Amino acid sequence: MGQRPPIIINRIDAERLQRLIDNAAEKDLMVAELLEEEPLRGEVLDPQDIPEDVVSMNSQIRFTDLTRERQMIRTLVYPHSLESVPDGISVMAPIGAALIGLKIGDVIEWPLPNNTEVRLRVDAIFWQPEREQQFHR
């Protein structure tokens, strides 16, 4: 396993993610198992204590796929919100799972289902619910 910086996750997000993990479909098991490990290598904080430079659920972020040298802007969402968020990326997708809890400037190496890894860097957070005092999105 490659480079994985410590993460910070909002307590509400952690509880919702645990429910997703517990009910994961077979096709999502790899991502579910990786997500289940995530809170173990970081801090779980109350929503109002989340720093402004941390990727939380429903954050719109710019990140770079360093493996493919591609920059993207996406909103990290729960799977049920994908249809209603045009630039959404599911937290149950490998790249979405990799981004949760990272800070601006963090680089992470994350496994993909095809037995390769991707290197991602968080470049900016354009919108974050906690920064906007929206603690229950």
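Two residues are in contact here when they have heavy atoms within 4.5 Å of each other. By that criterion, in this predicted model, Leu 35 touches Leu 17, Ile 21, Val 91, Met 92, Ala 97 and Ile 100, with residues up to four places away in sequence left out of the count.

Leu 35 also belongs to the largest nonpolar core, which has 32 residues. Leu 35, Val 91, Ile 95, Leu 99, Ile 100 and Leu 120 are the residues with the most contacts inside this core. Both helices and strands supply the core with two or more residues each: the helices are H1 (11-22), H2 (29-37) and H3 (94-99), and the strands are E1 (7-10), E3 (60-65), E4 (70-77), E6 (107-111) and E7 (117-127). In soluble globular proteins, nonpolar side chains tend to be buried together.

Helix H2 can be followed from its buried side. Val 31, Ala 32, Leu 34 and Leu 35 are the buried residues of H2. Viewed down the helix axis, these residues fall within an arc of 165 degrees, so they line one face of H2. The partners against which the buried residues of H2 pack are H1, H3 and E6.

The contact between H2 and H1 can be described in geometry and in residues. The two helices pack at an angle of about 145 degrees, and their axes are 9 Å apart. The crossing of H1 past H2 is left-handed. On the H1 side, the residues that meet H2 are Leu 17, Gln 18, Ile 21 and Asp 22; on the H2 side, they are Ala 32, Leu 35 and Glu 36.

Two residues elsewhere in the chain have backbone values to note. Glu 69, in the loop between E3 and E4, is not a glycine, yet has a positive phi of about 55 degrees. Is Glu 69 buried or exposed? A residue counts as exposed when its relative accessible area is over 50%. Glu 69 has a relative accessibility of 73%, so this residue is classed as exposed.

Gln 133 lies in the segment after E7. Its phi is also positive, near 65 degrees, in a residue other than glycine. With a relative accessibility of 57%, Gln 133 is counted as exposed because that value is over the 50% cut-off.

Conventions: Residues are numbered from 1 along each chain as its sequence is written. This is a predicted model: local features need pLDDT of at least 70, side-chain atom pairs count only at pLDDT 80 or more; totals for chains, interfaces and linings use all residues. Side-chain values use heavy atoms; hydrogens and water are left out. A nonpolar core is a set of buried Ala, Val, Leu, Ile, Met, Phe, Trp, Tyr and Cys residues joined through side-chain atoms within 4.5 Å. Buried means under 20% relative accessible area, exposed over 50%, partly exposed in between (1.4 Å probe, protein chains only). Helices (H or I, at least four residues) and strands (E, at least two) are DSSP runs, numbered from the N terminus. Axes are lines fitted to C-alpha atoms, for helices over the stretch in contact, and angles run from 0 to 180 degrees between N-to-C directions. A crossing is left-handed if the near helix is turned anticlockwise from the far one by less than a right angle, and right-handed if clockwise. The arc is that of the directions from the helix axis to the C-beta atoms.
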